[in-house]
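Please go through the points below with the structure open.

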Amino acid sequence: MSIDTKTMPQALPSGRRRPGGAPVLIGIAVAVLLLLALLAVFAEWVAPYDPLRQSLMEALQGPSTAHWLGTDDLGRDVLSRLIYGCRIAVIAAAEATTIAVLLGVPIGLFIGYRGGLWDWIVMRIVEAVVSIPGIMVAIVIIAILGAGLHRAMIALGILFSTSFLRLARGVVLAEREEVYVRSARVVGASDSRILMRHIFPNIAPPLIVQVTLTVGAVLLAEAGLSFIGLGVQPPQASWGTMLNTAAAFMDFNWFLSVPPGIAIILTVLSVNLLGDVLRDSIGRGIAVDADPRAPAARYAAELPATAASAPVPRRDDEILRVEHLQVMVPGRAGGEVPVITDLSLSIGRGETLGLVGESGSGKTLTGLAILGLLGAGVRATHGSIELNGRDLRTLPRSGLEEVRGNEVAMVFQDPTTSLNPAFTVGSQIAEVLRVKQGLGRRQAWARSVELIDRVGIPRPAERAGAYPHELSGGMAQRVAIARALSCNPSLLIADEPTTALDVTVQQEILDLFRDLQDEFGMAILFVTHDLAVAADICDRVGVMYAGEMVEMAGVDALFADPRHPYTSGLLSAMPHASDRNPPLPTIRGNVPRPGTWPLGCRFADRCDFRIAACDRRIPLTGSRRQVRCVRAGEPELEAAS
Amino acid sequence: MLKLIVQRLLALVPLLFIVSVLTFSFTSLLPSDPVDLIIGDAGTQEQYEMVRHRLGLDEPVHLRYLQWLGRAVQGDLGTSFFNSVSVTGAVMQRLPVTLSLTVMSAIIAIVIGVAAGVAAALRPRSWIDRFATLGATFGQAVPNFWFGLILVAIFAVNLRWFPATGFTPLTQSPWEWLRSVILPSIALGTSSSAAIARQVRSAMVGVLQQDYIRAARAQGLPFRRVIFRHALTNAMVPVVAVLSFQITVLLGGALIVEQVFAINGLGTLAIGAVRQQDIPMLQGLVLVMVALVVAVQLATDVIYGLINPKARPS
């Protein structure tokens, strides 16, 4: 039970979604609380017996027709005592909560508004109080005031006032600096007027929520205090005192403990549930999720299964070969939506293949698909991914784990988030060496210092002991590259590895990739949206659009002679150092979201050269040089590019 | 790490000072005169003055505070008004009992909470996820002493697997100790375990989406290693930050649950002291509890610094 104010859920928006929105549950909760209120008011009429009427002849009986819930040690009717207990529960909750609000809110408003020494002293006292277990605070206050329902509720009121105090103070601190409060002060409004008119209304919503939470906590605390004999005093019937009796007669009639316990649980659950609902509706406003509308009729989520694209020619030095890969993600309206279709590519030993395209074209997912790390719900449904002659899609998890790191590794976009913040960078490289290559602790550490040195970080032995947050972005990316290369993989997937870095650092990292490729001889799949970067580092470039490859060519050929209108558009949108100020042409429209792709050419809606044939599915054609466009090679297109 | 500990200890000084002032000053808030309580109605004026002098109550209040504090720092918490036993002795005698319950229930809460939280985070919407959520909702509404009563009814009264009441010291018989603390610790720890599970779950779900988890897996580290070393270490950061609160709650809960199992711990001592208006005893109890809470806070702060390098003083 949470008698402690600090473990009580706080009323301020927490961002955490909790179940409790089901209308049926809310209905039940309201019904339970209504019943409680009615029983409390009409206890005299509803209860079958006087709750204090003793009948020792009938003591400790189980449930019967005369006594539905049995009798206690003095032969008193349990049902009647339970009903009268409702009254005590309502009084207790009302008293303690009222005291907590009346005590906590004004003090909180005052110290929050005045600040300074008052704030400091009161907050230190509050901290001291909340560092003692709540029940002990209540016990001490009861020692001063004496036991009994009303005194115990004053004690709980004082205890729970700390949470209202902090809440009111927090709101004031937030509002005090708001423009409208400051301007009210400037025009000379008095402090009390500012507090009442401008600040108090902002406290009302979280206050209401906090009240419901406090009511639940008070009910539990009252039961606890009465149970240990410091709250409601016998013979008065409260759920806590009934449990006290039940505990004493556990061996004779354990059923005595059930009815009051159920009453407490049902009441507190109902109050908490209403509190949750209030918090969700008040604390957050009404959050409207974007409407996942079904795609328009002429678009299709599903695709024709067959794609007649030309096979990628086999090469002798082939490291990676991806054929007809299709990747699906869970759709917002159920079902699955394709994000990558009919994707084929191959990379030779020591070669750098660039994947370019706008965000959302599926470049990154392609990299993750090769590693088998697509994430929850996302899956590759068609095609093959052959790395060093083995189809990775058929490997079990352990086999894939074996391949990752040893044969293929990945460098991510943001180096500051791709290194684990809890461990030193040296230990993160050493861990890979120990797990993947079975090196000893000391050996692995020495090797990781070597690697850190190799990627061009000065004072490597010292930097190995640094945590990621102590390194600059460029430095962290060097470490990430060192880790990726630690097991000498034949393929390195680099996902926008320079995008998050400063422009000056970008070039250094690109140079590092080139140097390392010369030394380690790995192939690189280089994912980037930056054509200048691709032109700088890649041997061949594949252009992706809306989940498919639209053009693939050697880097010089692609830049000199783009064959797909999308590639031409991308190239003409590239800034050149030579021309000064001409406005950059842009491709009109946006990349269509997965699930809204046109059935034919996916670029058709943005293309200036659209013809009727573009409404059919277009295959990728050609061998060394591939393009997915029915009009590729036509003079009109050539002239435009 | 030493720097962190020293820093945290220094930060505790104002807290301890205010707690000691509060604790000391509540003597004067009591409605009854402690001297009257001791000498009773039949005492003469002479006796009254003598007791008053013996208790030091005729001295100025700040001197009394300093003397009391000086003795408290040396471990002397005074003498019970009621039966003249040493408060330190009485508290120390009961402390292992309450600590047994608190530590045991904390272990139960953390082990079950972390395991359930991780399982729920790995499989959102699975039965274990739903169960943990449901448990957390109920855990907030079920009085732990009532849960204790139900456990007694089932496992002690009906099945007779465990003793219904009493406590066996660990030093006397570890096995009997375990049997005597297991039911109260479950009663205490279950609701906290649900709360911890919910925190672990939400932290873990967030961590599992981080790049460094994907990067660790891309590096071919085994799944279990990634989950339990890379993810859990980071997911525990926010959990450890609030763990000391949970343990404070368990300490408070132990005072009540002790009553269910007729265990003679600090709770029984505190309830007796309230009934008898035994001021030195209550003061001593509050101070000892604050010391315990502070020790727990310090321990969790150190763990927090260990798993979260950003929190360490540079």
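How far apart do the end C-alpha atoms of residues 320-571 of chain A lie?

1. The end C-alpha atoms of residues 320-571 of chain A lie 27 Å apart. This span is 42% helix and 27% strand, where helices (H or I, at least four residues) and strands (E, at least two) are DSSP runs numbered from the N terminus. An unreviewed UniProt entry places the feature "domain: ABC transporter" at these residues; such annotations may be inferred rather than shown by experiment.

2. This is a predicted model, in which local features need pLDDT of at least 70 and side-chain atom pairs count only at pLDDT 80 or more, while totals for chains, interfaces and linings use all residues. Residues are numbered from 1 along each chain as its sequence is written, and side-chain values use heavy atoms, with hydrogens and water left out.

3. In chain B, 66 residues are in contact (heavy atoms within 4.5 Å) with 75 residues of chain A. The two chains bury about 6500 Å² between them, 71% of it on carbon and sulfur atoms. Buried area is the accessible area (1.4 Å probe) that two parts lose on being put together, summed over both. Gln140(B), Arg214(B) and Gln219(B) supply 11% of the area that chain B buries against chain A, more than any other three residues.

4. Two salt bridges (a side-chain nitrogen of Lys or Arg within 4 Å of a carboxyl oxygen of Asp or Glu) are counted between chain B and chain A. A salt bridge joins the side chains of Arg225(B) and Glu431(A), at 2.5 Å from N to O.

Note on methods
Chains lettered and ligands numbered in written order.
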